[in-house]
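Please read the following note with the sequence and the model side by side. The points go from the sheet to the helices and the core, and then to single residues.

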Amino acid sequence: MPQIPQTLHELSVGQLSARSGAAVSALHFYESKGLISSRRTSGNQRRYSRDALRRVAFVRAAQRVGIPLATIRDALASLPEERTPNRDDWARLSEAWRQELDERIKQLHRLRDHLTDCIGCGCLSLENCVLSNPDDISGERITGSRLMPERRRDPAAEEDGTG
Ligand code: FES
């Protein structure tokens, strides 16, 4: 990984890419999402301040554990004066995100167990297969009578007391 001289206070997109390991297209994407910012030179070239390196490292580390970009952006925006995350910021945010990661791992275990039930089954039943009906479109998981069409009211039968 190429070193950037300490005397260099601004980086071109190519330098930032080479040093951070992020593709130029990814850096443009991060910028379009407000995760990093640059100024334009008179020749309309992007220049990033040195702390963009740390911001990109922060974004990539968070993305690696599956944190959505919107959450990362909110975390960056929540820092005082939208500063680049320092050591304490990263420690605090990574602790919170670890809890999210633990929860996702639990969900994945549950999904794996459901998938195990599906292997060799193939029913894709809305009543019985949790994976084919994850939101339980009937409102509750299986209740035979709830899945039956409701009885139509017959006004004539109600009048003569048979309904
Ligand atoms: S396919 Fe039958 S339970 Fe999922």
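1. The sheet. Three strands form an open sheet in the order β1-β3-β2, with antiparallel pairing. Strands here are DSSP runs of E with at least two residues, helices are runs of H or I with at least four residues, and both are numbered from the N terminus. Two strands pair if DSSP finds at least two bridges between them. The edge strands, β1 (10-11) and β2 (39-40), each pair on one side only.

2. Basis of the model. This is a predicted model, in which local features need pLDDT of at least 70, side-chain atom pairs count only at pLDDT 80 or more, and totals for chains, interfaces and linings use all residues. Residues are numbered from 1 along each chain as its sequence is written, and side-chain values use heavy atoms, with hydrogens and water left out.

3. Pairing of β2 and β3. Strand β3 covers residues 46-49 and pairs with β2 in the antiparallel sense over two bridges. Arginine 39 stands opposite arginine 47 in β3.

4. Helix α1. Which residues of α1 are buried? They are Val13, Leu16, Ser17 and Ser20, where buried means under 20% relative accessible area, exposed over 50%, and partly exposed in between (1.4 Å probe, protein chains only). Seen down the axis of α1, these buried residues fall within an arc of 100°, so they line one face of the helix; the arc is that of the directions from the helix axis to the C-beta atoms. Their cover includes β1, α2, β3 and α3. Glycine 21 follows α1 and has a positive phi, near 85°.

5. The core. A nonpolar core is a set of buried Ala, Val, Leu, Ile, Met, Phe, Trp, Tyr and Cys residues joined through side-chain atoms within 4.5 Å. The largest one has 23 residues, of which Leu16, Leu27, Val59, Ile72 and Trp97 touch the most other members. Two or more residues come from each of α1 (13-20), α2 (24-32), α3 (52-64), α4 (69-78) and α5 (87-118). The largest share, six residues, is that of α3. Beyond its neighbours within four places in sequence, leucine 16 is in contact (heavy atoms within 4.5 Å) with residues including Leu27, Ile36, Tyr48 and Val56.

6. Leucine 124. This residue lies in the loop between α5 and α6 (144-147). Leucine 124 is not a glycine, yet its phi is positive, about 50°. Is leucine 124 buried or exposed? At 62% relative accessibility, leucine 124 counts as exposed.
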